Amino acid sequence: MFRRLLLISVLGLFACERNKPAPAPVPPPSVTPVLGSEVRATVNGVPITGLEVGIRLAGAAMGPTGEKANGAQQRTALEQAIDEELLAQRAVELGYQVGGEDGGVPDAKTRESRRHELAKQFRMKELLEKAVVTAEETRAWFDAHLARVQGELQVQFIIVQGKATGDAVLASLAKGQSFDEVALAQFPKAPDPKPWAVQPMSWFQVPPPWWAQLDKLEPGKTSGLIADEGDRFWIVKLVDRKPNPAITFEASEPPIAASLRARKFEARREEVLKELRAKAKIEFKGQ
């Protein structure tokens with residue numbers, strides 16, 4: 001779990017290319033995705049089948065064909081496939097290609113692989129390479145967030161599925177149970193060292209959604225529910241926070257620049273997808 005947090009640090013910029021689309025609108029309630037050969041949606045006439053959705057879910061450890069995914073997870077995967085299809089179509093318009101195509105009728109795996117590769121080329125060349133951060137921007141961010149950058153944190157954290165579970169965890173903490181006791185009750189089979197053991201963190205290792213609560217927390221206090229993807233919620237305890245004035249701008253400049261670049265990349269990606277969806281003809285099947 002802690003390794004997941006590290007990916008949201010300096011290297012988080014390039015972790016964006018591990019196919020992590022932004023949350024997208026779900027299909028109409030009458031649509032019930034099925035993991036089969038049926039067409040689940042068309043994007044400007046291009047079909048996306050349940051098999052392609054299943055391949056995407058299989059990559060997220062939802063079973064060999066994605067069969068372990070619930071309806072909400074299937075709908076999210078379908079929306080992600082739609083986003084990638086939109087980016088892939090735009091990439092083709094700009095002249096990008098995928099090597100090795102033989103002109104035959106592609107199977108579901110080939111279609112999904114081609115879609116992902118074209119979308120990735122678009123993100124890398126048209127978005128990431130054009131997300132430029134100036135030295136002035138980096139310095140301004142450092143000056144505005146000096147206390148955060150020079151703060152050395154000790155934290156504990158868990159992530160739970162569903163708001164009801166999260167509320168129950170917060171209620172247990174409010175009754176006086178320790179963070180370790182509550183975490184162990186949620187994950188009794190967790191191996192040692194426990195994922196919720198106290199961890200040191202620098203600012204660039206902290207997931208951005210945490211800061212709204214973390215900045216206001218006093219040592220020893222616990223956050224409320226912090227929303228993540230897929231109806232999951234973080235609960236974070238700030239064990240300690242100590243200032244380290246020895247941390248300089250020169251040492252902080254690379255992670256700050258990477259963080260700002262990732263933010264520009266993500267903002268532009270969302271903007272492009274919004275533009276493409278507005279012009280696209282997207283039809284959901286199975287209604």
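Let's begin with A41, which sits in strand β1. A41 is buried, with a relative accessible area of 0%.

**A41 and its surroundings**

- Leaving out residues up to four places away in sequence, A41 touches V46, P47, I48, L78, I82, E283, F284 and K285.
- A41 and A81 are 40 residues apart along the chain, yet their C-alpha atoms are separated by 9.6 Å.
- In the loop between β1 and β2 you'll find N44. Its phi is near 50°, a positive value in a residue other than glycine.

**The whole chain**

- The chain has 287 residues, and buried ones make up 38% of them.
- Count the secondary structure and you get 11 helices and 7 strands.
- Take the contacts in the chain with a separation of 6 or more: 72% of them are between residues 24 or more positions apart.

- The mean pLDDT of the chain is 86, and 85% of the residues reach 70 or more.
- Where is confidence lowest, and where is it highest? Helix α1 (residues 2-6) has the lowest mean, at 37, while helix α6 (residues 135-144) has the highest, at 97.
- Over residues 1-33, pLDDT stays under 50. The model still has 74 contacts beyond four places in sequence for this stretch.
- Where pLDDT is low, the predicted coordinates should not be read in detail.

**Helix α3 and its cover**

- Helix α3 covers residues 50-58, and its buried residues are G50, E52, V53, G54, R56 and L57.
- What covers these buried residues includes strands β1 (39-43) and β2 (46-49), along with helices α4 (71-93) and α5 (108-128).
- Take R56, which lies in α3. Its relative accessibility is 8%, so R56 counts as buried.
- R56 and A77 are 21 residues apart in sequence, and 6.7 Å apart in space from C-alpha to C-alpha.

**α3 against α4**

- A pair of packed helices is described by the angle between their axes and the distance between the axes.
- For α3 and α4, the axes come within 9 Å and cross at roughly 105°. The two helices are therefore roughly perpendicular to each other.
- On the α3 side, the contact is made by V53, R56 and L57. On the α4 side, the residues are Q73, Q74, A77, L78, Q80, A81 and E84.

**α4 against α11**

- Helix α4 also meets α11: their axes come within 10 Å and cross at roughly 85°. These two are therefore roughly perpendicular to each other as well.
- From α4, residues E79, I82, D83, L86, L87 and R90 take part, and they meet V272, L273, L276 and R277 of α11.

**Along helix α11**

- Helix α11 runs over residues 249-279, which makes 31 residues. It reaches 44 Å from its first C-alpha to its last, close to the 45 Å expected at 1.5 Å a residue.
- Where does α11 bend? The bend is at P255, by about 30°.
- P255 is one of the buried residues in α11, and others include F249, S252, I256, A258, L260 and A262. Further on, the buried residues include F265, R269, V272, L273 and L276.
- An α-helix has 3.6 residues a turn, so residues three or four places apart point the same way.
- A135, found in helix α6, is 122 residues away from A257 along the chain, and their C-alpha atoms are separated by 8.2 Å.
- A135 has 47% relative accessibility, so it counts as partly exposed.

**Two loops to look up**

- Which residues does the cis peptide bond join? It joins D192 and P193, with omega at about -10°. Look for P193 in the loop between α9 (179-186) and β4 (199-201).
- S202 is in the loop between β4 and α10 (211-214). With a relative accessible area of 31%, S202 is partly exposed.
- S202 and G151 are 51 residues apart in sequence, and 7.1 Å apart in space, C-alpha to C-alpha.

Notes
Residues are numbered from 1 along each chain as its sequence is written. This is a predicted model: local features need pLDDT of at least 70, side-chain atom pairs count only at pLDDT 80 or more; totals for chains, interfaces and linings use all residues. Side-chain values use heavy atoms; hydrogens and water are left out. pLDDT is the predictor's confidence in each residue, from 0 to 100. Helices (H or I, at least four residues) and strands (E, at least two) are DSSP runs, numbered from the N terminus. Contact means heavy atoms within 4.5 Å. The expected span of a helix is 1.5 Å times one less than its number of residues. The bend at a residue is the angle between axes fitted to the seven residues ending there and the seven starting there. Buried means under 20% relative accessible area, exposed over 50%, partly exposed in between (1.4 Å probe, protein chains only). Axes are lines fitted to C-alpha atoms, for helices over the stretch in contact, and angles run from 0 to 180 degrees between N-to-C directions. Angles under 35 degrees count as roughly parallel, over 145 as roughly antiparallel, 65 to 115 as roughly perpendicular and the rest as oblique.
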